[in-house]
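Please look over the structure below before reading on.

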Amino acid sequence: ASATDLEVTHWWTSGGESAAVAELAKAFDATGNHWVDGAIAGSGGTARPIMISRITGGDPMGATQFNHGRQAEELVQAGLMRDLTDVATAEKWKDIIRPSSLLDSCTIDGKIYCAPVNIHSWQWLWLSNAAFKKAGVEVPKNWDEFVAAAPALEKAGILPLAVGGQPWQAAGAFDVLMVAIAGKDTFNKVFKDKDAEAAAGPEIAKVFKAADDARRMSKGTNVQDWNQATNLVITGKAGGQIMGDWAQGEFALAGQKAGTDYTCLPGLGVNEIISTGGDAFYFPLLKDEEKSKAQAVLAKTLLDPKTQVAFNLKKGSLPVRGDVDLAAANDCMKKGLDILSKGNVIQGTDQLLSADSQKQKEDLFSEFFANPSMTPEDAQKRFAEIIASAD
Amino acid sequence: MANIGTLNTTAAGIDAVSGRLGDGPTGPKPRPALSPRNIMLYGTLTIAALYYLLPLYVMVVTSLKGMPEIRLGNIFSPPMEVTFEPWVKAWAEACTGLNCDGLSRGFWNSVRITVPSVIISIAIASVNGYALANWRFKGSELFFSILIIGAFIPYQVMIYPIVIILREIGIYGTLTGLVIVHSIFGMPILTLLFRNYFVSLPEELFKAARVDGAGFWQIFLKIMLPMSLPIFVVAMILQVTGIWNDFLFGVVFTRPDTYPMTVQLNNIVNSVQGVKEYNVNMAATILTGLVPLIVYFVSGRLFVRGIAAGAVKG
Amino acid sequence: MTGQAQAGRPIKLLRNLNAKIASIPMILTALVIFVGGTFWTVFYSFTNSKLLPRLSFVGIDQYERLWAAPRWVTAIENLALYGILSLIFSLVIGFVLAALMDQKIRFENTFRTIFLYPFALSFIVTGLVWQWVLNPDFGVQSVVRSLGWTSFTFNPLYTPEIVIYGILIAALWQGTGLVMCLMLAGLRGIDEDIWKAARVDGIPMWKTYLLIVIPMMRPVFITTIVIIASGIVKVYDLVVAQTSGGPGISSEVPAKYVYDYMFQAQNLGQGFAASTMMLLTVAIIIVPWAYLEFGGGRKRG
Amino acid sequence: MNMNSTVSNSSVSIRDLSLNFGSVSVLKDLNLDINDGEFLVLLGSSGCGKSTLLNCIAGLLDASEGQIFIKGKNVTWEEPKDRGIGMVFQSYALYPQMTVEKNLSFGLRVAKVPQAEIDKRVARAAEILQIQPLLKRKPAELSGGQRQRVAIGRALVRDVDVFLFDEPLSNLDAKLRSELRVEIKRLHQSLQNTMIYVTHDQIEALTLADRIAIMKSGIIQQLDDPTTIYNRPRNLFVAGFIGSPSMNFLRGELVKSGDGIAFTANGVNFSLAGYDANEALQPGRKVVLGVRPEHIKVNENAGGEEHDATVDIEEPMGADNLLWLKHAGHTMSVRVNGARRFNVGAKVKLSFDMTVASVFDAESELRL
Amino acid sequence: MNMNSTVSNSSVSIRDLSLNFGSVSVLKDLNLDINDGEFLVLLGSSGCGKSTLLNCIAGLLDASEGQIFIKGKNVTWEEPKDRGIGMVFQSYALYPQMTVEKNLSFGLRVAKVPQAEIDKRVARAAEILQIQPLLKRKPAELSGGQRQRVAIGRALVRDVDVFLFDEPLSNLDAKLRSELRVEIKRLHQSLQNTMIYVTHDQIEALTLADRIAIMKSGIIQQLDDPTTIYNRPRNLFVAGFIGSPSMNFLRGELVKSGDGIAFTANGVNFSLAGYDANEALQPGRKVVLGVRPEHIKVNENAGGEEHDATVDIEEPMGADNLLWLKHAGHTMSVRVNGARRFNVGAKVKLSFDMTVASVFDAESELRL
Ligand SMILES: Nc1ncnc2c1ncn2[C@@H]1O[C@H](COP(=O)(O)OP(=O)(O)OP(=O)(O)O)[C@@H](O)[C@H]1O
Ligand SMILES: Nc1ncnc2c1ncn2[C@@H]1O[C@H](COP(=O)(O)OP(=O)(O)OP(=O)(O)O)[C@@H](O)[C@H]1O
Ligand SMILES: [Mg+2]
Ligand SMILES: [Mg+2]
């Protein structure tokens with residue numbers, strides 16, 4: 001096939017992420033086409049509006065990253081996205097993609113519109129071994145121990161918990177606390193069934209209590225970006241961080257080894273359940289015949305076993321197909337794979353809630369984490385309201 | 001006329017007294033250089049100047065330091081070891097995603113966006129201002145009022161409709177589209193400036209040219225334009241800075257291969273690879289601000305004059 | 001009366017034709033973009049449009065939700081505080097600097113250049129620089145501490161109660177130069193004789209400024225206020241670059257709310273409702289001014 | 001062609017012209033015929049509509065009502081350039097970025113006149129106005145008087161039928177003004193074009209005009225030759241407006257006195273012997289008597305009636321001496337030779353020359 | 001006290017005053033004594049330094065050299081408010097946002113004068129200037145003449161010794177100007193203050209001044225009473241500057257003629273009989289003869305010498321008629337009565353009144 005330029009937009013710009021994207025580009029270029037990189041820095045919140053206006057504005061790119069889930073729903077309904085069912089059938093995605101909920105999120109009215117590339121889970125607590133050593137306490141094995149160790153860390157001049165200023169980090173941390181403390185069922189009741197009563201209930205009150213602890217422990221975090229917060233953990237300036245598995249890429253890039261330099265606790269060491277959100281590529285409907293063909297090639301390439309391994313190793317995420325060999329995976333990744341194979345999984349909030357509700361949630365938690373005068377009770381009341389009006 | 005003689009002696013008297021100075025103060029009142037007034041005056045100005053210069057100083061100094069020095073140190077201390085590496089990196093090597101060609105690409109994109117946008121928006125606005133000042137017609141003031149009120153509408157309100165309009169015309173995402181957007185949003189303030197300026201030119205000049213037989217365009221090109229340098233400089237500075245510094249439209253109405261420098265800057269600054277490379281960020285920031293700064297430094301004096309002619313008369 | 005026909009009275013529409021043709025861009029912009037766009041936005045603010053605009057009306061639901069949202073209320077409060085303070089400080093600093101510059105000082109050009117250069121820089125750049133200068137780990141706070149005053153605390157960008165002042169410092173840095181320029185032009189426009197008359201009357205300098213000159217500069221002040229006010233309502237880039245609205249939501253502003261909800265939350269209806277409220281604010285500021293400026297006496301034909 | 005007998009023998013004719021700015025009516029139903037080769041001066045105080053009228057004639061303002069004919073042709077809707085007029089402005093309105101030569105030729109170049117013809121005409125105008133050495137200069141390098149000449153030249157090169165001047169001299173100082181006044185007069189004598197000249201300076205009007213149109217609030221008060229205007233003003237306004245120092249006005253009424261008519265005010269009688277009495281002079285009528293300062297003699301017995309007065313203020317002006325006198329409750333100004341000096345408070349005897357006085361009806365303010 | 005015998009009997013004395021703006025010298029070694037109660041007019045063309053001198057006296061500009069005494073006190077370094085002066089400006093310089101009353105009292109209030117005293121002084125000034133009904137108005141609601149009066153009032157309330165006027169009337173129209181001129185003259189007569197009045201209008205200067213100082217490029221050319229200035233100008237500049245229309249100048253030389261001296265130019269002799277001849281009038285000397293237009297008689301045989309001339313241009317000005325005549329290669333202006341009219345080209349006979357003529361040395365330009 002003649003070389004076709006395909007512009008791919010995404011927001012993977014941190015060190016680990018760029019390295020991972022490079023793998024995708026390499027694989028695609030190997031098919032004789034050309035990957036035109038359209039990175040937009042500053043997280044999905046900045047990038048998504050730009051992507052959407054380009055698609056709705058009639059100047060679509062060749063392919064674009066979204067979190068799979070509900071972010072692209074309306075674009076699909078408006079007929080702006082390309083139907084990938086033909087590729088999916090040919091490549092037997094239904095059989096290879098696991099967990100199947102990933103493909104379900106790409107399916108609208110029985111047609112498949114996106115190609116999932118990885119599984120990301122939020123439910124990780126990353127701890128700096130060096131920090132705890134300096135504070136003279138054991139590296140905690142679960143959330144409660146961590147909370148208990150906080151005063152010692154503080155005394156040693158170490159920030160116990162790093163939470164970056166971007167709103168999604170606070171909201172994400174809360175979701176993680178919820179799974180760990182209230183469990184899978186409550187999580188599903190609140191976010192899947194939008195049960196406002198449960199959201200106002202005692203189980204969730206416990207979660208808010210924990211969030212209150214987290215808030216106290218994170219006081220004094222003077223960074224914005226998640227990877228800056230991770231960097232605090234890497235350099236031992238902070239004790240720990242609640243962040244998704246993508247943080248692993250940063251540790252890897254800094255040359256740290258799981259177990260010796262840092263410790264990872266899935267499900268905060270309390271409740272070993274992980275969510276299976278992730279990233280997917282969507283393909284806007286293009287008029288150009290050549291580009292459409294290239295889109296199909298890209299979709300195929302993304303799920304190619306080799307690509308999946310190379311990409312996910314760099315990215316620190318899990319591959320979307322169960323049939324690949326991840327011998328090179330590190331400790332933490334193996335823990336994740338393990339949980340995944342046990343089926344202790346939930347869907348990510350991106351898949352369960354609309355962007356609108358997500359945003360409201362982010363507003364609530366970023367305010368909660370920044371404002372000590374907001375009581376957990378008040379916050380819970382507002383949380384219940386958001387759930388009540390969520391769709 | 002008998003008394004002419006006596007009066008004349010007074011006149012002659014002038015010559016007699018000259019040369020004789022009385023006692024007491026003479027000549028200019030002494031004004032010591034260190035009078036309280038001067039100390040207050042120059043003291044306040046200097047303190048204010050420091051406040052304005054400080055960030056620039058910090059930017060320059062930081063951009064010349066290596067990362068280790070930054071981590072150790074004091075942002076105000078001069079670099080112990082001057083390095084231009086951050087500049088090189090910011091200009092040619094910094095990465096956003098897979099593209100590691102720094103700001104250089106964005107620079108040329110910005111030039112390609114700014115030059116036509118500035119020329120076209122000024123061309124349109126100057127003609128509009130001229131028509132409003134000298135060729136009023138029924139309704140012209142109404143449209144102008146709408147335009148001016150439009151200047152205060154937050155851009156966010158307009159973005160969506162404009163995306164739709166450009167899409168319908170089929171120029172969304174093209175350079176043409178972006179130039180049009182810049183011309184539209186530059187129009188209110190520029191039109192106001194030009195109108196006020198042309199109103200302040202002597203109306204008789206315009207009348208004389210009409211009597212001489214010159215028409216709308218001839219008067220504009222041959223009479224008005226040559227007299228309007230200051231206001232064109234003001235418009236040019238405003239537009240160059242405005243368009244060069246624009247982020248919102250650049251990000252919404254372009255595609256990555258035509259991203260302007262500010263978007264590139266934002267990408268570089270927000271693409272944190274491990275630690276924030278403040279020195280590179282500062283170098284990138286200075287580089288991005290350089291073009292408007294140079295334009296301003298070169299023509300700042302005319303800017304003030306033009307502001308006086310075009311804005312204050314409002 | 002001669003009883004003669006009104007020879008060759010031309011068609012009205014064709015008179016002044018070139019001016020009308022030349023004004024087409026302005027007319028189109030005014031009508032299609034400003035009027036059309038505004039009405040479109042207001043219209044769709046009564047729908048529950050999500051990612052794409054669609055015509056399903058929900059009455060004033062969006063507005064009710066808007067005013068119930070703590071973030072919007074905070075944004076409005078921030079805007080009011082920031083607006084009032086930046087208006088006052090811009091005018092005061094701008095005027096004082098202009099008055100100082102007007103004292104026939106040496107190096108006037110140098111000073112003016114120094115005060116005005118930040119105006120050439122974008123808000124993005126301004127925000128980044130001041131984020132850096134105010135950074136507690138590197139900036140002013142750490143420098144003062146390293147000088148020995150270890151309890152010194154000045155960390156506006158990470159302290160919710162005062163974060164808006166951190167933004168204000170940056171905004172004033174960027175914008176007061178222009179205000180000074182306008183004021184200086186205004187001062188230079190004051191009749192020399194007024195100064196002389198005041199000196200002969202024995203009126204002290206500061207009283208002359210306060211009681212005579214400032215009232216005379218009313219038009220300049222109005223122009224300046226309008227310019228500052230229009231910038232205040234639009235403030236967005238600066239906040240994004242400096243704090244992203246944080247910590248928490250404590251430096252949120254309406255323009256950012258609009259942008260976030262339109263594009264990030266994919267709730268156009270909410271965004272449109274918020275922008276309509278912003279329009280309303282603008283109208284409250286602008287309409288009286290526009291009436292005074294353009295509706296009143298015509299200047300000349 | 002669109003000729004009409006009522007306008008055919010005039011160079012410029014204005015018919016029922018009205019002009020409003022918004023709701024303000026500036027010109028009201030104005031009619032005016034200007035003869036071929038005539039020098040007509042429009043005189044009036046500031047804001048009376050002189051410039052507005054001139055701009056209407058030039059086509060720079062659209063009339064609200066009425067018609068304008070130039071050389072018999074209805075030009076009401078013509079463009080300025082097609083009216084055969086040239087205009088000279090108060091502020092000179094020279095194009096600052098062009099040399100004098102370019103200034104002069106601009107109109108011709110716009111009209112695409114051949115270069116040879118342009119050169120010829122510029123040379124001729126430069127010669128007439130004696131500005132040949134200035135042709136390469138820019139306006140900023142010229143003195144006020146030179147600029148004014150170039151401004152006239154700009155009209156000259158276009159070979160127009162009618163010259164319009166809008167206060168061409170009022171930006172110049174007194175000395176230059178009187179010099180250029182003479183030049184303009186010479187120019188008119190040699191060109192014999194129709195000229196319409198707007199001014200608020202009565203000396204200019206009196207010295208230059210063949211006829212003067214005196215305007216007030218958009219209405220022509222009197223249109224006559226200078227002598228008539230000066231000696232037989234049609235109404236009180238014209239009488240007061242023309243003449244410096246202005247005419248003395250005494251309010252009173254007419255009474256019978258002997259075989260004739262006399263004027264009485266504050267108990268003092270003035271015989272009107274010599275006034276071109278007509279039947280309008282009826283005893284009992286309330287009138288205003290107007291006497292010009294130079295028509296009152298001080299201490300020079302002309303044989304007639306004498307009045308006592310006291311010197312209040314003396315204003316020596318070189319060639320003349322202006323006395324302000326108190327006389328029976330009136331203040332009166334009298335002009336005497338500059339060599340004659342009086343002390344303040346001195347008692348003097350006045351005699352009035354009634355042959356050149358004016359009597360106005362107190363109500364209609366028209367001259368009787 | 002710091003008195004000095006040379007200044008003790010003057011109200012304002014200026015000693016060796018020089019002023020430079022950068023390298024431009026505007027006032028040069030100027031000396032001037034102004035008597036108590038005197039009305040002194042500074043007259044000169046634009047840019048000659050009149051305002052600069054006035055500002056120096058007021059203390060608004062610092063002298064580069066020299067001293068200024070007011071009422072015998074050396075005020076060279078005093079602040080304006082402490083000099084006992086009041087100043088009235090051309091542009092009125094009223095504070096626009098204050099009422100007339102506030103305008104008048106502002107200086108007093110700042111100086112913390114008791115309210116009762118302020119009210120008294122304002123009332124008095126308002127009465128003198130007859131602006132009582134205007135006290136509550138703002139300047140924008142006043143006519144030009146009223147504004148000017150308020151401006152004078154502002155100086156008046158401060159009870160100053162010396163009034164300084166900088167072209168106070170030049171923004172007003174001709175009629176108002178002549179009215180206010182009379183008012184200022186009255187004001188001076190009743191207040192008897194020292195007044196220094198800057199103008200470039202010679203009529204104002206001649207009518208108002210006790211003495212006139214004529215300036216040119218920062219140097220006083222002549223300081224004398226109006227009559228002397230008019231009749232015996234010290235040099236050519238003053239002669240040409242004063243008088244409108246200006247003096248006729250003929251360049252020629254002196255010759256012997258009979259028993260006396262005559263002036264000859266272009267082959268025509270003018271007998272100087274009657275000129276107050278002195279020993280400076282030597283045959284062979286190159287001189288300029290100056291004769292004012294009103295000192296030439298046309299067709300009125302005064303018995304003396306007669307010269308033939310031709311009428312070139314006639315400028316009727318109402319009361320007067322100005323003739324431009326050609327005579328032996330000169331152009332000459334002659335003023336005759338307004339009632340006498342001549343045709344252009346008419347031959348006339350001129351006779352010169354040499355008793356009031358001036359003869360200037362051609363080189364030094366001083367009057368002989
Ligand atoms: N464009 C305009 N809009 C409204 N009113 C106007 C306009 N132009 C002139 N006028 C008014 O029309 C009247 C006549 O103006 P015009 O300029 O003709 O006066 P003028 O006699 O030329 O006075 P001047 O001697 O001051 O030049 C004035 O009262 C003026 O205020
Ligand atoms: N601030 C200044 N700086 C430099 N030169 C000045 C300044 N003020 C006045 N001059 C110059 O000094 C000279 C005298 O000015 P001045 O104002 O005294 O003239 P004037 O006689 O009052 O003239 P006018 O009749 O126009 O008011 C002029 O040549 C002027 O250009
Ligand atoms: Mg006019
Ligand atoms: Mg002056």
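Chain A and chain E do not touch, with their nearest C-alpha atoms 50 Å apart. A contact here means heavy atoms within 4.5 Å. Chain A and chain D also have no contact, and their closest C-alpha atoms lie 47 Å apart.

Residues are numbered from 1 along each chain as its sequence is written, with chains lettered from A and ligands numbered from 1 in the order in which they are written.

**Cysteines**

Over all chains, the structure holds two disulfides. The criterion is a pair of cysteine sulfur atoms within 2.5 Å. In general, a disulfide is a covalent bond between the sulfur atoms of two cysteines.

| Disulfide | S to S distance | Torsion about S-S |
|---|---|---|
| A:Cys106 and A:Cys114 | 1.7 Å | -90 degrees, left-handed |
| A:Cys264 and A:Cys332 | 1.9 Å | about -110 degrees, left-handed |

Burial comes next. Buried means under 20% relative accessible area, exposed means over 50%, and partly exposed lies in between (1.4 Å probe, protein chains only). A:Cys106 and A:Cys114 are both buried. Both A:Cys264 and A:Cys332 are buried too. A:Cys264 sits in strand 10 (residues 262–266) of chain A and A:Cys332 in helix 16 (residues 331–342) of chain A, so this pair ties together parts that are 68 residues apart in sequence. Helices (H or I, at least four residues) and strands (E, at least two) are DSSP runs, numbered from the N terminus.

**Chain B**

Chain B contains 14 helices and zero strands. Of its 314 residues, 60% are buried. Consider contacts in chain B with a separation of 6 or more: 72% of them come from residues 24 or more positions apart. The accessible surface of chain B is about 12,000 Å², and carbon and sulfur atoms hold 69% of that area. Accessible areas come from the Shrake-Rupley method with a 1.4 Å probe; for residues, only the protein chains shown count as cover.

How confident is the prediction for chain B? Its pLDDT averages 80, and 87% of the residues score at least 70. pLDDT is the predictor's confidence in each residue, from 0 to 100. Within chain B, helix 10 (residues 216–224) has the highest confidence, at 91, and helix 1 (residues 4–17) the lowest, at a mean of 38. Residues 1–19 of chain B stay under 50 in pLDDT, and the model gives them 20 contacts beyond four places in sequence. Where pLDDT is low, the predicted coordinates should not be read in detail.

**Annotated region of chain D**

An unreviewed UniProt entry places the annotation "domain: ABC transporter" on residues 12–242 of chain D. UniProt positions follow the numbering used here, feature names are shortened, and annotations may be inferred rather than shown by experiment. In the model, residues 12–242 of chain D are 37% helix and 27% strand. The end C-alpha atoms of this stretch are 25 Å apart.

Methods
Predicted model: local features only at pLDDT ≥ 70, side-chain atom pairs only at ≥ 80, totals over all residues. Heavy atoms only, no water.
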